[in-house]
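Welcome! Take a look, then try each task before reading on.

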Amino acid sequence: MRLFKHKDCLEKIRGFYHDDGVIKVLTGVRQCGKSCLMQTIAGELEETGIREDHIIYLDLDRYGFYSVKTPDQLEALIEPALKIDGMKYLFIDEVQNVEGFEEVVNEFRAEGGFSIFVTGSNSYLLSSELATKLTGRYVEFEMQTLSFKEYREMKRFLGQEVDPNPVVELDRYILEGGFPKALDYPKMADKRAYVGSVVREIFEKDIRRRVKVKNVSIFNRVRDYVINNFGATTSLTNILSDLERQGVRIKRETLNRYLQILEDAKIISKCARFDMKSRKSLQGEQKYYLADLSFYFALNTDNRINYGPVLENIVYSYARSLGYEVSVGRIGKLECDFVMRSPEMEYAYVQVAMTVMSDRATEDREYRPLEQIRDSWPKFVITRNDPIQHRSGIVHENVAELIGEGRTFGLAQWSASVGEGC
């Protein structure tokens with residue numbers, strides 16, 4: 001079976017393929033492609049000459065393994081591999097189905113000779129128990145749904161038509177979302193039905209079975225509220241007030257717990273504020289972004305695109321997929337949409353807008369926060385489809401080209417773009 005390769009994810013993991021000292025933990029929202037990614041890794045190992053009997057692949061969500069629920073049962077499946085000489089490659093898909101799996105995977109890690117890969121659909125996989133038992137012995141790779149670049153690549157991989165106009169494809173990507181399986185359905189109604197089923201599956205498998213939600217209807221109201229207000233600056237106080245106006249009364253600590261549950265299930269991601277003068281994170285206000293935009297459109301009948309938060313969500317998820325840590329920046333009274341820090345500890349400052357061409361005031365509103373930043377790290381204004389501008393050494397990019405061509409927010413990209421504008 002041919003598998004679509006998530007090249008950015010693979011690039012981050014390849015350096016750990018043969019490391020038997022750390023457990024490779026692949027996380028991400030359900031149906032984002034983790035199983036496909038793990039199968040691709042196993043396939044790449046075979047292509048390099050690793051013998052098939054040295055690759056042990058256990059999918060605990062499939063027939064034949066679904067009854068494996070205890071550490072002893074899991075250990076019994078793996079134990080025969082101890083007789084195989086040399087490095088073994090152990091893959092366990094949906095490992096959180098076994099309560100107490102931590103001791104088993106750590107046992108085989110400590111045994112040596114096992115390069116271990118595990119997947120899980122949520123942050124319960126990286127619970128405090130796992131972190132305590134495996135501190136310093138695992139590395140997490142968080143997988144996003146398809147980026148715009150991957151969306152187009154996968155359509156070509158599946159033999160589907162890709163519009164030569166990237167902006168047309170961008171709008172389709174926004175409405176359809178980035179779940180790989182959704183590309184199998186030609187009708188939008190079927191895509192929405194599929195995403196709706198993913199939401200229900202997340203609740204049944206990743207929430208209801210692992211945490212106790214006493215009032216499901218209130219939980220769903222909180223879920224829908226956050227999904228419908230993604231990209232908006234908010235706080236616990238604001239959410240409580242808005243819900244109360246809708247007739248929903250909920251305690252502050254319960255709301256905080258529900259938001260954490262949604263984060264742990266990878267439905268939403270919190271983007272905290274960062275004060276750029278003190279270089280410290282600010283408590284209170286933050287933004288929430290969606291694991292996939294299709295969550296919003298699956299829960300709403302309105303197909304109109306509010307490009308402000310939508311484009312922010314796309315840029316945020318793309319930056320996360322490249323390994324950037326992302327915060328909302330504050331510069332005095334001004335706000336910078338994103339402060340990004342790369343794995344190489346390089347910073348970038350990013351403003352995202354539908355357009356900067358409406359009038360001079362609109363242009364100034366987007367450029368002025370970046371012009372107030374006095375350091376020499378790269379600065380970007382990202383729009384939907386504007387003629388490229390050159391102002392104050394700030395790079396102007398259109399999102400379809402930036403992400404569609406796989407560019408980054410690094411110094412090299414900034415230097416090249418500034419140089420072109422000189």
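This is a predicted model, and we begin with one lysine.

**Exercise 1. Is lysine 266 buried or exposed, and which side chain does it meet in a salt bridge?**

Solution. 
- Step 1: Lysine 266 has a relative accessible area of 11%. Buried means under 20%, so lysine 266 is buried.
- Step 2: Its side chain meets that of glutamate 140 in a salt bridge, at 3.9 Å from N to O.
- Step 3: Now place the two partners. Lysine 266 sits in the loop between H11 and strand S6 (268–275), while glutamate 140 belongs to strand S5 (residues 138–142). The pair is 126 residues apart and links distant parts of the chain.
- Step 4: Glutamate 140, at 34% relative accessible area, is partly exposed.

**Exercise 2. Find the salt-bridge partner of arginine 30, and say where both residues lie.**

Solution. 
- Step 1: The partner is aspartate 61, with 3.9 Å between the closest N and O atoms.
- Step 2: Arginine 30 is in the loop between strand S1 (23–27) and helix H2 (34–47), and aspartate 61 is in the loop between strand S2 (55–59) and helix H3 (71–78). They are 31 residues apart.
- Step 3: Arginine 30 counts as buried at 3% relative accessibility, whereas aspartate 61 is partly exposed at 27%.

**Exercise 3. How are helices H10 and H11 arranged, and which residues meet?**

Solution. 
- Step 1: The axes of H10 (residues 236–245) and H11 (residues 252–264) come within 10 Å and cross at roughly 105°.
- Step 2: Angles of 65 to 115 degrees count as roughly perpendicular, so H10 and H11 are roughly perpendicular to each other.
- Step 3: From H10, Leu236, Thr237, Ile239, Leu240 and Leu243 meet Arg252, Leu255, Asn256 and Leu259 of H11. By class, this contact has 6 nonpolar, 2 polar and 1 charged residues.

**Exercise 4. Where does arginine 391 lie, and which residues does it contact beyond its sequence neighbours?**

Solution. 
- Step 1: Arginine 391 is in the loop between strand S11 (379–383) and strand S12 (395–398).
- Step 2: Its relative accessibility is 15%, so arginine 391 counts as buried.
- Step 3: Leaving aside neighbours within four places in sequence, arginine 391 contacts Arg360, Glu363, Asp364, Tyr367 and Glu371. With aspartate 364 there is a side-chain polar contact of 2.9 Å.
- Step 4: Salt bridges link Arg391 into a network with Arg360, Glu363, Asp364, Arg368 and Glu371.

Notes
Residues are numbered from 1 along each chain as its sequence is written. This is a predicted model: local features need pLDDT of at least 70, side-chain atom pairs count only at pLDDT 80 or more; totals for chains, interfaces and linings use all residues. Side-chain values use heavy atoms; hydrogens and water are left out. Helices (H or I, at least four residues) and strands (E, at least two) are DSSP runs, numbered from the N terminus. Buried means under 20% relative accessible area, exposed over 50%, partly exposed in between (1.4 Å probe, protein chains only). A polar contact is a pair of N or O atoms within 3.5 Å; within protein, one must be able to donate a hydrogen and the other to accept it, and residues adjacent in sequence count only if both atoms are side-chain atoms. Contact means heavy atoms within 4.5 Å. Axes are lines fitted to C-alpha atoms, for helices over the stretch in contact, and angles run from 0 to 180 degrees between N-to-C directions. Angles under 35 degrees count as roughly parallel, over 145 as roughly antiparallel, 65 to 115 as roughly perpendicular and the rest as oblique. Ala, Val, Leu, Ile, Met, Phe, Trp, Tyr, Cys and Pro count as nonpolar, Asp, Glu, Lys and Arg as charged, and the others, Gly among them, as polar. A salt bridge is a side-chain nitrogen of Lys or Arg within 4 Å of a carboxyl oxygen of Asp or Glu.
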